[in-house]
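Reader: I would like to learn how to read the charged pairs and the surface of a model. Please take one feature at a time.

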Amino acid sequence: MILQTTLCLAAAAGIITFWHIARIGQLRVREKVLFGDGGHDPLARRMRAQLNFVESTPFVLILAAAIEMTGKGGTWLAVVGSLFMLGRVAHALGMDIDRPNPLRMVGVLITILTLLGLSAIAVLIALGRF
């Protein structure tokens, strides 16, 4: 069984992870910080954005794979997963801004809704109601 949606989402996650690494590396070079954040708030925010991505993405990938394995996935799952990835990029860009902003808020909202929604669907599938 090939889990096409999950494979595409995992590939997107890999690319976004590389993007996070590059953005953090760019600041490290510019600020001459080898370890940690060196007391540089912009670097700390980028590091936190990467960690936030790493904290939520595995759960989305696991849920997507489990749903897809049941045969209950489809286009809707690809759309939800894609929106999640876009939301994570929006969140990271919003973390570069040192005040509340729409990018960060939209990213957080999309993440929460994706995790709750996929979790609810997984439970419904397990109960035979989806």
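Predicted model: local features only at pLDDT ≥ 70, side-chain atom pairs only at ≥ 80, totals over all residues.

Reader: Which elements does the chain have?

Author: Helices (H or I, at least four residues) and strands (E, at least two) are DSSP runs, numbered from the N terminus. This chain has four helices and zero strands. Its C-alpha trace spans about 55 × 30 × 20 Å along the principal axes.

Reader: How many salt bridges does the structure hold?

Author: Side chains of opposite charge can pair when their charged atoms come close. A salt bridge is counted when a side-chain nitrogen of Lys or Arg lies within 4 Å of a carboxyl oxygen of Asp or Glu. The structure holds five. One of them joins Asp96 and Arg23, at 3.0 Å from N to O.

Reader: Why does the pair of Asp96 and Arg23 tie together parts that are apart in sequence?

Author: Asp96 lies in the loop between helix H3 (75–95) and helix H4 (102–126), and Arg23 lies in helix H1 (residues 4–31), so the pair links parts 73 residues apart in sequence. Salt bridges that share partners join Arg23, Arg46 and Asp96 into one network.

Reader: Is Arg23 buried or exposed?

Author: Buried means under 20% relative accessible area, exposed over 50%, and partly exposed in between (1.4 Å probe, protein chains only). Arg23 is buried at 11%, whereas Asp96 is partly exposed at 28%. Of the 130 residues of the chain, 34% count as buried.

Reader: Which residue forms a salt bridge with Asp41?

Author: Arg45 does, with the closest N and O atoms 2.3 Å apart. Asp41 and Arg45 are four residues apart in helix H2 (residues 41–69), so about one helical turn separates them. Asp41 is partly exposed at 47%, and Arg45 is buried at 16%.

Reader: Where does Glu55 pair?

Author: The side chain of Glu55 meets that of Arg48 in a salt bridge of 2.9 Å, N to O. Glu55 is partly exposed at 39%, and Arg48 is partly exposed at 33%.

Definitions and conventions
Residues numbered from 1 in each chain as written. Heavy atoms only, no water.
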